[in-house]
Amino acid sequence: MQTANPLWGAPRIHAELQKLGIDIAETTVAKYIRRWPTNPPSQSWRTFLSNHASQLASMDFFTVPTVTGRVLFVLVLLAHQRRRVVHVAITQHPTAAWTAHLRRVLAAYLSYYHGARTHLSLQKDAPTPRRVHTPTEGRVVAFPEVGGLHHRYERRAA
């Protein structure tokens, strides 16, 4: 878990282990996780982009005043993997449907945040309580969430 999530400390790893039915003390987890010399390793921005380029997109939303005094709203979406412009839209009256691609990404993050991410203030549970898996339910499997930027762990039978 620490390799896949290098910024996680002992409390977060302990919370995930508890949800997987592994009864171990947080101090034991802290004893065995790798200690970084001064700061945890942080990948460079270039490394982050190359690792996640297939899931990243940039969005620019801006206005353009016209000669006639009208204001146009412009939305541009760029997929990072091939630096391809995947969407351009111009309108005088933006609506919620006009920016629906953003709703999908936010919905994926909210689903992860509420259903999978453990919080110390919730006694190491998620806002929507997660059940504790028993070791007899199978091996631990990592599931990428939000385009692989986060992970959720469960036990699954082989």
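Reply: A strand here is a DSSP run of E, at least two residues long, and strands are numbered from the N terminus. On that basis, Val88 lies in strand 3, residues 84-91. The model is predicted, and side-chain atom pairs count only at pLDDT 80 or more. With that said, to the salt bridges.

A search of the whole structure finds seven of them. One of these joins Lys19 and Asp125, with the closest N and O atoms 3.0 Å apart. Lys19 sits in helix 1, residues 10-19. Asp125 sits in the loop between helix 4 (100-115) and strand 4 (139-145). Now the burial. Lys19 has a relative accessibility of 8%, so the residue counts as buried. Asp125 is buried as well, with a relative accessible area of 14%. The cut-off for buried is under 20%.

Next, Glu137 and Arg131. Their salt bridge has its closest N and O atoms 2.6 Å apart. Glu137 is at 25% relative accessibility, which means partly exposed.

Then there is a network. Salt bridges link Glu145, Arg152, Glu154 and Arg156. Within that group, the side chains of Arg152 and Glu154 meet at 2.4 Å, N to O. Their burial classes fall on either side of the 20% cut-off. Arg152, at 22%, counts as partly exposed. Glu154, at 18%, is buried.

Two further sites round out the view. His52 belongs to helix 3, residues 45-52. This histidine is buried, at 13% relative accessibility. Beyond its neighbours within four places in sequence, His52 is in contact with Gln43, Gly147, Gly148 and Leu149.

The other site takes us back to Val88. Together with Val85 and Ile90, Val88 forms a nonpolar patch on the surface. The accessible area of the three together is about 280 Å². Patches are made of residues with no salt bridge, so this site stands apart from the charged pairs above.

Notes:
Residues numbered from 1 in each chain as written. Predicted model: local features only at pLDDT ≥ 70, side-chain atom pairs only at ≥ 80, totals over all residues. Heavy atoms only, no water. Salt bridge = Lys/Arg side-chain N within 4 Å of Asp/Glu carboxyl O. Helix = DSSP H or I, 4+ residues; strand = E, 2+ residues; numbered from the N terminus. Buried < 20%, exposed > 50% of the residue type's maximum accessible area, 1.4 Å probe, protein only. Contact = heavy atoms within 4.5 Å. Patch = residues over 30% accessible without salt bridge, like charges linked within 9 Å, V, L, I, M, F, W, Y side chains within 5 Å. Areas by Shrake-Rupley, 256 points an atom, 1.4 Å probe, with all protein chains shown as cover.
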